[in-house]
Amino acid sequence: MKKKKLAGVFLSLSLVAGVLAGCGDSKTSSSGGGSSDSGETIKIGANLELSGGTASFGQSAADGLKLAIDEINKEGIDGKKLEIVKVDNKSDAAEATSGSIKLVSQDKVVAVVGSATSTNTLAQVQVAQDNKVPLLTPTATNPDITNKAGKLNDYVFRTCFIDPFQGTVAANFASDEIGAKTAAIYVDSASDYSKGLAAAFKEAFTAKGGKIVAEEAYVTKDTDFRSTLTRIKSAKPEFVFLPGYYEEVGLILKQAREDGIDLPFMGGDGWDSPKVVEIAGAEALKNTYITNHYSPEDEDAKIQDFVAAFKKEYKKTPDAFAALGYDTGYYLADAIKRSGDASPEKIRQALEDVKDLQLVSGTLNLDENHDPIKSATILEYVDGKQTFKTKINP
Amino acid sequence: MELIQQLVNGVSLGSIYALIALGYTMVYGIVKLINFAHGDVFMVGSFVGFYAITVMDLSFIPALLLSMVTCAIFGVLIERIAYKPLRNATRIAALITAIGVSLLIENGLIYVRGAQPEAYPNNVLPMDKLDIFGVSISSQSILILSVSIILMIILQFVVHKTKIGKAMRAVSFDSEAAKLMGINVNNTISATFAIGSALAGAAGVIFGIYYIKIEPLMGVLPGLKAFVAAVLGGIGIIPGAMVGGLLLGIIEALVSAAGYSLWRDGVAFIVLIFILIFLPQGLFGKNRREKV
């Protein structure tokens, strides 16, 4: 009985606290702009997956972001330094929401660098919109983040290209570089990511005058693909687009090669895991390509400088998450510089007005949905290792 | 040509179903229990084979044998711990226990080693492609098919030519009468579990080599499919399980071949429903009247 009462007291207390916090919060959002530019430092929030299931993504992005901010702070922005306030969202959407609320209301950051995965970033979109503080995600690729059902989230931005864009790039690569006239699509019908890429590929490939000769589907966790592969084989395509995730992709490639399908296969960044090599084997990965955000082997001077700096700091090769985290730091710093007074509203405008910003992962421009238009990198698997093949501009 | 290729695909898949279905059918034949943990014994066999190959550096045949022995012991343990105390309980109690055991094995393994998938090494068996009139068959699938057939022949021999096989058939026919004739029913049931589980273990290793990826929940769907295969052939009848397994594999391959690959799992269970409605005794079953 007593315990129940105590719990009740706590509950009402926390409710009151919540209301108070809410009040304080609304006050800061109206006057927040004025207070933030009087300090010595400009506070940026970083709400990333530092622990939990997708910690490797969040940690990489955090490393890249820190490297960028350290470099920017050598000169500072108009004499002020940037300070990152980190929040660990534990790879959990609810934690991501409360983390963002804390950053905005308690730490009074001028902008939040959002999470590495789409789910956790989606959980922060409403907080950013309500409090009018820009949210900039380095690597969340789901289209809904910036534009849900035709409605633009005007405070939300991203540094990476969105999912369907990879399909378009793959189609251009298939018809221009491989010279394929016919293609088969093999899609994971349980994944929106896969279907989004496939739809974009189909549209772009037919627009180029190509013909889709087979459209087949599987579902996540399938293990036997031989029958469908035999069907694809008899449709005689010159190219197979396989926009799945690494587990099934590995099995599909292996079974395809066993069944004597020696065609070029291509997919998106869903392949980007060492598991795909482990499952399929280096031999089966011959003549396969993926689209990705960047390659550490790209000869571009900007990329090589970044790779060298990152290696010096962390003693490892930066992956795409680290590169995009790094780019996010520069994108944000650029916007803060152009905003003049570093108020959330001006930063939002500056983020939106970005034009031809040179970043590691390409030259950044935004379309009307706040989605970046920039080059994608094509990687080829050679002896089971990703090697830089070419860069495709949109 | 495409049709023949699809039949080859179907037979390879079907022989794995058949090996698992044999365990189902033998156990059902003797204790009238659908052992839903059987699919998980298959999974455990697959992992034993994986660790035998990667950690202990064994080659295919020793790994297969080790996995079969481990699974046989595991199957007997399951029977002794979970099912034997319920031998005289209602059949529904035993069935629910079987589902419980299945969940325990799956989640127990996830607890011990995590849920991440594992990949069988690629070099366990030689990989050559044979092209016969435009039909490409990998040497792996031929070897896998022959191992399955050899195991089934050995099983037939055990059931029909040995003393324990005779005891099994007797217990399955009438366990009370068998007991009166001096047959040790408990040992016979354990032997059945051991043999069925060993076959599931073998199927696990073969599955791992053929499909590479293994994970703690991999046994669920093949287990259910094998159950369908067992019912299709007539549950409790050993040749029925073999034919049912191969037939189900071929049906699935043909469904995919017709372009309905997303319907493949659905069709397997539609087969189950139709069999239960129109031919409940299965293809090989005799329509025996209920004993009163």
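Predicted model: local features only at pLDDT ≥ 70, side-chain atom pairs only at ≥ 80, totals over all residues.
**Entry 1: confidence in chain A**

Chain A has a mean pLDDT of 85, and 90% of its residues reach 70 or more.

**Entry 2: chain A overall**

I counted elements next and found 12 helices and 17 strands in chain A. Of its 394 residues, 53% are buried. I also looked up the contacts between residues at least 6 apart in sequence: in chain A, 68% of them join residues at least 24 apart.

**Entry 3: strand β16 and its partners**

Which strands pair with β16 of chain A? I found β12(A) and β17(A). Strand β16(A) covers residues 376-382, and five of its seven residues are buried, so I noted it as mostly covered under the cut-off of 20 or more other C-beta atoms within 10 Å.

On one pairing, β12(A), residues 288-292, joins β16(A) in the antiparallel sense over four bridges. On the other, β17(A), residues 385-392, is also antiparallel to β16(A), over seven bridges. I picked I378(A) to follow across the strands: it is the bridge partner of T291(A), and it is also bridged to T390(A) in β17(A).

I then checked the turn. The hairpin of β16(A) and β17(A) has two residues between the strands, and D383(A) takes a positive phi near 50° there. A reminder to myself: strands of a sheet pair through backbone hydrogen bonds, either parallel or antiparallel.

I moved on to an open sheet in chain A, with the order β13-β14-β15 and antiparallel pairing. Its edge strands are β13(A), residues 357-359, and β15(A), residues 372-373, each pairing on one side only. Strand β14(A), residues 362-366, is joined to β15(A) by two bridges. Across that pairing, I saw N365(A) standing opposite I373(A).

Which helix lies across β13 and β14 of chain A? I found α11(A), residues 320-339. This helix runs at about 155° to β13(A).

**Entry 4: chain B overall**

For chain B I counted 11 helices and four strands. The C-alpha trace spans about 60 × 45 × 35 Å along its principal axes.

**Entry 5: where the chains touch**

I finished at the contact between the chains, which takes 20 residues from chain B and 22 residues from chain A. On the chain B side, the elements giving two or more residues are α1 (2-31), β3 (135-138) and α10 (238-257). Helix α1(B) gives the largest share of that side, five residues. By class, I listed eight nonpolar, nine polar and three charged residues on the side of chain B that touches chain A.

Note on methods: Residues numbered from 1 in each chain as written. Chains lettered and ligands numbered in written order. Pairing = 2+ DSSP bridges. Contact = placed C-beta atoms within 7 Å. Axes fitted to C-alpha atoms, helices over the stretch in contact; angles between N-to-C directions. Nonpolar A, V, L, I, M, F, W, Y, C, P; charged D, E, K, R; others polar. Buried ≥ 20, exposed ≤ 12 C-beta atoms within 10 Å, placed from the backbone. pLDDT = per-residue confidence, 0-100.
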